[in-house]
Amino acid sequence: MKERIVLAYSGGLDTSVAIGWIGEATGAEVIAVAVDVGQGGESLETVRDRALGCGAVEAYVADARDEFANEYCMPTLQTGALYQNHYPLISAISRPVIVKHLVTAAKQFGATTVAHGCTGKGNDQVRFEVGIQTIGPELKCIAPVRDLALTRDKAIEYAEKNDLPIETTKNNPFSIDQNVWGRAVETGYLEDIWNAPTKDVYSYTDSPEFPPAPDEVTISFRQGIPVAIDGVAVTPLEAIEQMNRRAGAQGIGRIDIVEDRLVGIKSREIYEAPGPMALMEAHKHLENITLEREQARFKATVSQRWSELVYDGQWFSPLKRSLDTFVADTQRHVNGDIRMVMHGGRAVVEGRRSETGLYRFDLATYDTGDTFDQSSARGFIDIFGLSAKVATERDERVAEGK
């Protein structure tokens, strides 16, 4: 039997051409693996038929939308993960679920190698290959664009020459990756970081300059996961999809940053994540009333490190797994409702309630009913500032030569 290679297949030009390109370069049979993580567009069956039409000997297709929402998006929400305080890891969290299905398909069809369509200067090559070598260490990896000289011009020429069932065009100036958690856009005129993005960059969000009427929404959480919107029960996937529509209509979740790529270069990226950014804002405000102070302070550090690990392709690493345990523990009491108003690009929290919260009216109020013992404050202040006071006295003695 011929050697078999599984290919992460999107249904687009590059990966469609890669099927035959890999076969000719290696002599192996190619199995196309398509994973639906909410990217929209064509049905999995259409993608499957195209893969077979382009020469794949098998096509493995998986509807992973709920899996992605439950096992990848929700931990990101619970962690409050924003790489460099801005990017909600749109592409980074989709790669491990795709990796999982690539390894499953490789075992199912007896493949020895996994192929992906990444270039040699991006983050995704690392995310795919580190993930594969972690959970499928017996598998080899190749990248046709990086390793087999498959450029876009050659891809178009190959597709036309072989009459592949795929549209070929040089017109789209952008590189786009999207899923239910958001949309990432780069290249083209955006590479000049002085250029402002034009309206054709955006798809998930409407312009915040001309918003519809304000949209008030109540989001209910249980252990840090949204379980109802406006009193109607939702799954994680439904929560993301509904908030994508509603927050997107208000222009929420547009992000324009120059970020530090793993390979050492800075890259200008445009992101759209209307649902995730609105959900993260609600989740953050609920944590403010349910997490103990020191726990919350340390979680900020964990969130930053977690974001860096996931961005760098370390989803399956031991440290990431350990941090997951900490985050899960912090979410035990993140239960309650957040009322927010979305309008003109902003999601503003206006109400909070939780039966497991730490906010106590009798301690916070300055009016009748105050139970806080103010007489204990003076001694607390004396002790709290004692070490700094002693250090200052020492510095003064040294300065005076005593």
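A residue counts as buried when its relative accessible area is under 20%, as exposed when over 50% and as partly exposed in between, with a 1.4 Å probe and protein chains only.

**Figure 1. The whole chain, as an opening view of this predicted model.** Of the 402 residues of the protein, 46% are buried. The C-alpha trace spans about 85 × 60 × 45 Å along its principal axes. There are 14 helices and 14 strands, both taken as DSSP runs numbered from the N terminus (helices H or I with at least four residues, strands E with at least two). Contact here means heavy atoms within 4.5 Å; among contacts between residues at least 6 apart in sequence, 72% join residues at least 24 apart.

**Figure 2. Domain 1 meets domain 2.** The protein is divided into domain 1 (2-170), domain 2 (173-289 + 332-351) and domain 3 (360-398), with bounds that come from an automatic or database domain assignment. Between the C-alpha centres of domain 1 and domain 2 there are 26 Å. Their contact draws on 32 residues from domain 1 and 35 residues from domain 2.

**Figure 3. Helix α8 crosses helix α9.** Here we zoom in on α8 (residues 236-249) and α9 (residues 274-290), whose axes come within 7 Å and cross at roughly 100 degrees. Each axis is a line fitted to C-alpha atoms over the stretch in contact, and angles run from 0 to 180 degrees between N-to-C directions. The pair is therefore roughly perpendicular, a label given to angles of 65 to 115 degrees. On the α8 side, the contact is made by Ala239, Ile240, Met243, Asn244, Ala247 and Gly248; α9 brings Pro274, Gly275, Pro276, Ala278 and Leu279. By class, that contact of α8 with α9 has eight nonpolar, three polar and no charged residues, where Gly counts as polar.

Figure 4. You will find zero disulfides in the structure, a disulfide being a pair of cysteine sulfur atoms within 2.5 Å. For Cys118, the nearest cysteine sulfur is that of Cys141, 10 Å away. Cys118 is buried, at 11% relative accessible area, whereas Cys141 is partly exposed, at 21%.

**Notes to all views.** Residues are numbered from 1 along each chain as its sequence is written, and side-chain values use heavy atoms, leaving out hydrogens and water. Local features need pLDDT of at least 70 and side-chain atom pairs count only at pLDDT 80 or more, while totals for chains, interfaces and linings use all residues.

Methods:
Parallel < 35°, antiparallel > 145°, perpendicular 65-115°, else oblique.
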